[in-house]
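User: Please take me through some of the terms used for this structure, setting each value against its cut-off.

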Amino acid sequence: MRRAGVRGKIILNSALVLLIVASAVLYAGLASVGLARSVEILFRNNRLMEDIRDSLGRTEASLTVYLSTKSSDALKDYIKYSTRLSEDARRLNREIRADEVLLLERDLAGLLDSFLADAEASVASKRGRDVAAYTERFESAERTLDLVMFLIDRIEGVFISDSLAAFSGFNSRVTSVLVSNAVLVVFATLMGMAILVSFSFRLTEPLAELARAAEALGRGDYDHDLPPPGRPDEIGVMAASFASMRESVRRAFEEQRAKAELERSLMEERVRLLDMDHKLKDAELLALQTQINPHFLFNTLAAGQQLALSEGADRTGDFMENLAAFIRYALKPPSRSVRVSDELECVRLYIWLLRLRFGERYRFEVEADDRALSVETPALVLQPLVENAVGHGLRDREEGGTVRVSARVEGREAVLSVEDSGGGMSPAERERILGEPAGEGDPRAGIGLRNVIRRVTLATEGRGRVDVESSEGAGTAVRIRLPLEGVVP
Amino acid sequence: MKRAAWILAALFGAAFLGAILMNARLVDQSRRAFAGGVFRETSRIPKARYHLVLVIPDDDDSFFSGLAEGVRSGALETDSAVQVFRYAASSPADSERFFEIALGAGVDGLIMYSPRGEPVLRRAEAALRRGVVFVPVGTDVPEGEPPGFIGSASLLQGFEGGRRICAALGASARIGVILPAGGAGPEEEEPLFRGVSASIQAFPGARVSALTRARPGTLAGEEAASAMLGADPSINAIFCANSRDTMGVAQVIVDLNRVGSILVVGADETPEILRYIEKGVVTASIVRDSKWIGREAVLAFARIKDGGAPAGPVEAGFYVRTAEGRSP
């Protein structure tokens, strides 16, 4: 069954309170009316006596007028009033019962009969012109009239005496009735007030709880108590909706917080990458500042090659050509991505140039897995490693050494490796090279490797990495691990 | 909260129900009182065979209360409803009005206190004409000795009183006699006094020193005794004819500290008189048996109503109450 809502409850409660108070007041009123009616009966008998007295007086008056004037109007009045008196007399008790008033009424009835009989006889005698007879009967009627009046006074006195006695008891009872009714009304009022207060509390307390919960929600407290669920009215609906809304707000806030956290970490990563990019740019700028203008050098080398070819110096021409190709490759933006095959070609040019310089002192091996050749990689990541291997790994080896460059696919990664058979590095040295440049020693030490690491990280958005494996006396192996999904250009 | 609401509701319900029941009871009581006092629920009052009227003076003399009691007692035996009319003792003429009312109303019987001097014979004849049984009652047989009279015979009462005083005081008896109020004719002609006078004849030297008639009223006995003793300090005995005067005299004797020096012979018996007898203030009380008179009057009425003829005057007699008890 559908329960009443708040409006219905308010109406029902108000109606209940009104009903309680109204019933008490109504009952008190009805009781008072009942008592008032009880009082009314006190005077009922007196009214009968007054009726008789009135009829008697009018009968006697009309009789007197008739006997004096023999007026037909007076006779009509006499008949009218004597008839009424006779009717009044019939209302009196005529039975013999052992009660003072009943016997008095019986006396009165008998006297009225006597009066009416005398009056009737006097009228008849008047009509018969029997003066002595109507005079005698009229005088008898007059004497009876005195007795009747005396008896009526006496009866009324008894009535009043009895009524006063009855009223005395009645009065004390009336006081009790009024007091009890007043107490009842007061009690009903208190009861009504108690119900109103109780109902108001029950109605407003959940609203107050909701308000407190809303206030707490404003402060960020999502765990403040809510009105117990299950109320079948509007407040229950409000409470359920508020709980749902609070949960939604909680979830949205947590998602917002997680998103902000993610954005913050991404921003930090971006800042870090930007920082790396700035540092790379700085390094490139530094390189440009410290080198001869590469375009001038490239043009010059191209002119040298033409000169060597024209003079028949083929080896010099090849040198100029390979150097120019290498410089052309190196002058392109280092942030671009190229295929591994291009990188290996660049390494081969560089090795040719190194052999020209060092002859057969160092042995270079380049090998590549065909699957790895087409993998995208940041440009110029292998040449610095080869340069490091020769310049640092094998520099102090009198007997020379081997530099092995390889490209292969391992699982979902392409691995570009540069290994040397040099003296290797101590852990401290390795940490120094991989860490931030320190003030001590060669400020350019490790720049090539760190650049490679930063560019690989930047190009692969952190998914690629550079491993450095080295120990003293066991050479150094630098492996660039690139995801096969590709490199960001 | 819900439990408190239920408790409140239960309390209110109980209070409301209690108030309703109390109101109903009180209103019902009021209505019953009105019904008894005003409505005269005739169904609750049994019918009677005869309507009987008793006309007596409105006097606190125990003779009349005993008379009314006797009439009521007789009414029960004869299935009669008794209506008592009391007229002012100071206005005995009012008795005539009640007589006429009784006759005019056509009652069955009329028992009427008829002291000497009242027109008892005329009333008897008038009642006879109206078919109303008339039974006069009183202390002494009225003039003309109307038929059916029932009385206490104050002549014998006076004789017994005088005899008792003289038996106690002998020739030294100086007696004050207080006659009841309302009598007619010379005081010396009162049967009561004549009875006293007759009794002291046997005790030469004893005499009636004072004779007075009490005025109507409650304090008449005291007044008469004080005046009598003040006028004649030699009085050593007082004889009075009714209970009211007896109590008045006894109080005077006590007030004057003359208990034991003045012998009091009173009349009738009431709790107060019995107490005075017990304390020795009153030596003896000649008790008129008015209850018997009243009852006998009703029985006489019933006999006449049933076709019997009125009997001659009947005297009820008396008994004497002393500290030793009742005799005879």
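Analyst: Helices (H or I, at least four residues) and strands (E, at least two) are DSSP runs, numbered from the N terminus. This is a predicted model, in which local features need pLDDT of at least 70, side-chain atom pairs count only at pLDDT 80 or more, and totals for chains, interfaces and linings use all residues. Residues are numbered from 1 along each chain as its sequence is written, while chains are lettered from A and ligands numbered from 1 in the order in which they are written.

User: Where is Glu461(A) found, and what makes it exposed?

Analyst: Glu461(A) lies in the loop between α13 (447-459) and β6 (465-470) of chain A. A residue is buried if 20 or more other C-beta atoms, placed from the backbone, lie within 10 Å of its own, exposed if 12 or fewer, and partly exposed in between. Glu461(A) has 12 other C-beta atoms within 10 Å and is therefore exposed. Although Glu461(A) is not a glycine, its phi is positive, about 50°.

User: What makes Asp268(B) buried or exposed?

Analyst: Asp268(B), placed in the loop between β9 (263-267) and α9 (271-279) of chain B, has 28 other C-beta atoms within 10 Å, so it is buried. Its phi is also positive, near 65°.

User: Why are α3(A) and α4(A) called roughly antiparallel?

Analyst: The axes (lines fitted to C-alpha atoms over the stretch in contact, with angles from 0 to 180 degrees between N-to-C directions) of α3 (residues 72-90) and α4 (residues 100-127) of chain A come within 10 Å and cross at roughly 160°. Angles under 35 degrees count as roughly parallel, over 145 as roughly antiparallel, 65 to 115 as roughly perpendicular and the rest as oblique; α3(A) and α4(A) are therefore roughly antiparallel.
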